[in-house]
Amino acid sequence: MTDNPLKPDPIARYRAVLESLDPRLRQAAKLRALYPIIEPQVAAGVPHAAIMEDLAAAGLPVRHNTYITTLRRWRKARRQAAEEASQATATPAVEPDTTPDSKPTAPPLDAIQGRPSRIQTPGDLRKIRDMRIDLDALRREGLANRAKTSQNTETQHDKE
């Protein structure tokens with residue numbers, strides 16, 4: 001199909017990949033294996049319909065809906081993997097100081113992270129639903145509050 005002798009025919013490349021795959025795989029799995037070959041063609045401006053014709057000629061007839069849905073899911077997975085990789089390199093893991101002389105860090109003031117001050121919008125309700133709750137910090141906070149109230153009641157009884 002192509003006039004360039006350096007680049008093999010896309011149908012031949014599709015067939016080579018398809019032959020290396022297990023024939024029992026679903027169409028979507030086969031398409032995911034082919035997308036690294038398909039994506040540069042799409043970027044070069046080859047119409048999706050032409051790619052689907054080439055896939056059918058290579059022995060993988062797919063419906064337009066299956067092709068587009070699988071393509072979107074594949075791109076989304078690649079995008080998420082790239083974001084996770086960039087976050088992993090942007091925030092290097094800090095190893096905790098394990099020397100015996102080091103003092104433990106103070107617990108956070110709020111055991112419940114992301115708590116809105118007031119509920120005014122549906123977004124505030126979503127924040128409450130998605131709150132991160134540190135149960136250990138919540139326990140320490142409760143124990144500290146109990147200790148304060150018991151000390152306050154003892155000092156009041158001593159004054160009387």
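A residue counts as exposed when its relative accessible area is over 50%, as buried when that area is under 20%, and as partly exposed in between. By that rule Ile119, with a relative accessibility of 54%, counts as exposed, and this residue is found in the loop between β1 and α5 (122–129). Together with Leu125 and Ile128, Ile119 forms a nonpolar patch on the surface, and the three have about 270 Å² of accessible area together.

**The model and its confidence**

The structure is a predicted model, and the protein chain averages a pLDDT of 79, with 76% of the residues scoring at least 70. Confidence in the chain is highest in helix α3 (residues 48–57), at a mean of 94, and lowest in strand β1 (residues 112–113), at a mean of 60. Where pLDDT is low, the predicted coordinates should not be read in detail.

**Overall arrangement**

The protein chain has 6 helices and 2 strands, which follow the pattern α-α-α-α-β-α-β-α when read along the sequence. Of the 160 residues in the chain, 21% are buried. The chain exposes about 12,700 Å², and carbon and sulfur atoms supply 54% of that area. Among the contacts with a separation of 6 or more, 51% are between residues 24 or more positions apart.

**An aromatic cluster**

Which residues do ring pairs link into a cluster? They are Tyr35, Tyr67 and Trp74, and the count of aromatic pairs comes to 2. A pair of aromatic rings is described by the distance of the centres and the angle of the planes, and the table gives both values for each pair.

| Aromatic pair | Centre to centre | Angle between planes | Class |
|---|---|---|---|
| Tyr35 and Tyr67 | 6.0 Å | 55° | tilted |
| Tyr35 and Trp74 | 5.5 Å | 35° | tilted |

Because Tyr35 lies in helix α2 and Tyr67 in helix α4, their pair ties together parts that are 32 residues apart in sequence. Is Tyr35 buried or exposed? Its relative accessibility is 0%, so Tyr35 counts as buried. Tyr67 is buried as well, and Trp74, with a relative accessible area of 13%, is also buried.

**Salt bridges**

The structure holds 2 salt bridges. In one of them, Glu39 pairs with Arg75, and the closest N and O atoms are 3.2 Å apart. This pair links distant parts of the chain, since Glu39 belongs to helix α2 (residues 27–44) and Arg75 to helix α4 (residues 64–90), 36 residues apart. Arg75 has a relative accessibility of 30%, and therefore counts as partly exposed.

The side chains of Asp22 and Arg24 also meet in a salt bridge, with 3.0 Å from N to O. How do the two partners stand towards the surface? Asp22, at 32% relative accessibility, counts as partly exposed, whereas Arg24, at 73%, counts as exposed.

Methods: Residues numbered from 1 in each chain as written. Predicted model: local features only at pLDDT ≥ 70, side-chain atom pairs only at ≥ 80, totals over all residues. Heavy atoms only, no water. pLDDT = per-residue confidence, 0-100. Helix = DSSP H or I, 4+ residues; strand = E, 2+ residues; numbered from the N terminus. Salt bridge = Lys/Arg side-chain N within 4 Å of Asp/Glu carboxyl O. Buried < 20%, exposed > 50% of the residue type's maximum accessible area, 1.4 Å probe, protein only. Patch = residues over 30% accessible without salt bridge, like charges linked within 9 Å, V, L, I, M, F, W, Y side chains within 5 Å. Areas by Shrake-Rupley, 256 points an atom, 1.4 Å probe, with all protein chains shown as cover. Contact = heavy atoms within 4.5 Å. Phe/Tyr/Trp six-rings, centres within 6.5 Å; stacked < 30°, edge-to-face > 60°.
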